[in-house]
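I opened the model to look up pockets, salt bridges and surface patches. My entries follow.

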Amino acid sequence: MKSLRFGSYSTSYRQEMRLIRTKAMAIWFVIMSAALIYLPWVMTQHQIFGMHLTRHETLNMNMTQINFTLLYVVGALGLNLLTGYTGLISIGNAAFYAIGAMVAASVGIKWMHLPFLVVVLTAGLAGAIVGALVGLPALRIRGIYLLLGTLALHFIMLYSFLKFQADYFGIVGVIFNYPKVFGWRLNTDMDWYFFLLAFAAIALLLVKNILRTRHGRAFIAVRDHPIAASAAGINVSQVRVLSFSISSFIICASGATYVWYLGAATQDNFQLSLAIAFIAMIVIGGEGSLVGTVLGAILWQLFPNALVAFAEMSGGVSPGVADYVHTWQTQITKIVFGGLILLVLMFAPTGLTGLWHKVKQAFVRWPYTT
């Protein structure tokens, strides 16, 4: 029997399991793919279909910032799998980035000189092992105590990276050369963009498919009600350790790619502010949402540049405002993000994704909505 759709609801299991379930989704997928492929030329040439764009109209964004956004998408994706889908609080993203960096330096630079893709996978596997070990305390501790445990991991790994750097690379830090992917050298931001775009797409597809499996549904069940999940036959302990392991695999692979893109890594690249940034991304974008992960990472990178663009555009009208914004840009950004997180927690716990779904459902159900 042919499946029918009403609004945005699926009417068969086969339709529900598809990655692209409707014609509208297929059209949006094609449009977004074309836009992402065309984006580097817009950023580098400052024009779209022959129409010139000013720096302000592109919100002062450049390819380097877009590449960092893609890296943050993957890192936040791993954290969201753990926190948003399994309900385990962690502040260890920067620590796992440091693990990924040490593995990348060890097997890619210092000793084994493995190919770049093999290095990324090796970093992911090392992260999965460490993540499984770190996940063991999650069998007994919850909430703030688990958060403090991952915070302890952060400072342990920060010291470990500093010791590793001092013993084998010196005070200048770990220096990474230009990597090659199937003979393609990544030595420009545009080359890196297409690699990182594919990297982020593969990570999103991987997590999406994991969530569609029995294990993925177990993650959500444990998050929503661990006692009920256990009564339903789910091994809660195993699910939590597995979630930590998969999440750490993704984050460490992102960390290895992150330092290779930077070209050099020191202890300063893995400060606590980086871990807090990832938490802010998933809170603002929406916990337990893949789309929210992407939106949160984009907003985290986009807003400071938009703030500078606003200051420059307001210079002709009010030079005092422009000077004030330029002088206090960092402080204003932190205040706005802090206020945004508070507003999200109080009035929109599902983040930007939840707001979007409410708007979409209002249009779908109109005029039967109030």
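**Second largest pocket**

I looked up the second largest pocket and found about 530 Å³ of space in it. Of its 21 lining residues, Ser273, Leu274, Ala277, Trp300 and Lys334 are the closest to its centre. A pocket here is an open set of 1 Å grid points where a 1.4 Å probe fits, with protein on both sides within 12 Å along at least five of seven lines; lining residues have an atom within 4 Å of a point. H14 (329-347) is one of the helices that supply at least two lining residues. H14 gives the largest share, seven residues. By class I noted eleven nonpolar, eight polar and two charged residues.

This is a predicted model, where local features need pLDDT of at least 70, side-chain atom pairs count only at 80 or more, and totals for chains, interfaces and linings use all residues. Residues are numbered from 1 along each chain as its sequence is written, and side-chain values use heavy atoms, without hydrogens and water.

**Salt bridges**

I counted two salt bridges (side-chain nitrogen of Lys or Arg within 4 Å of a carboxyl oxygen of Asp or Glu). Asp167 pairs with Lys163, with the closest N and O atoms 3.9 Å apart. Both sit in helix H6 (residues 143-168), four residues apart, so about one helical turn separates them. Arg223 and Asp224 form a salt bridge at 2.9 Å, N to O.

**Nonpolar patch**

Which helix gives the most to the nonpolar patch? Helix H2 (residues 23-45) does, with three residues. Val30 is found in H2. I list Val30 as exposed, at 54% relative accessible area (exposed is over 50%, buried under 20%, partly exposed in between, with a 1.4 Å probe and protein chains only).

How values were computed
Points joined across faces, edges and corners; volume = space filled by probe spheres on them. Nonpolar A, V, L, I, M, F, W, Y, C, P; charged D, E, K, R; others polar.
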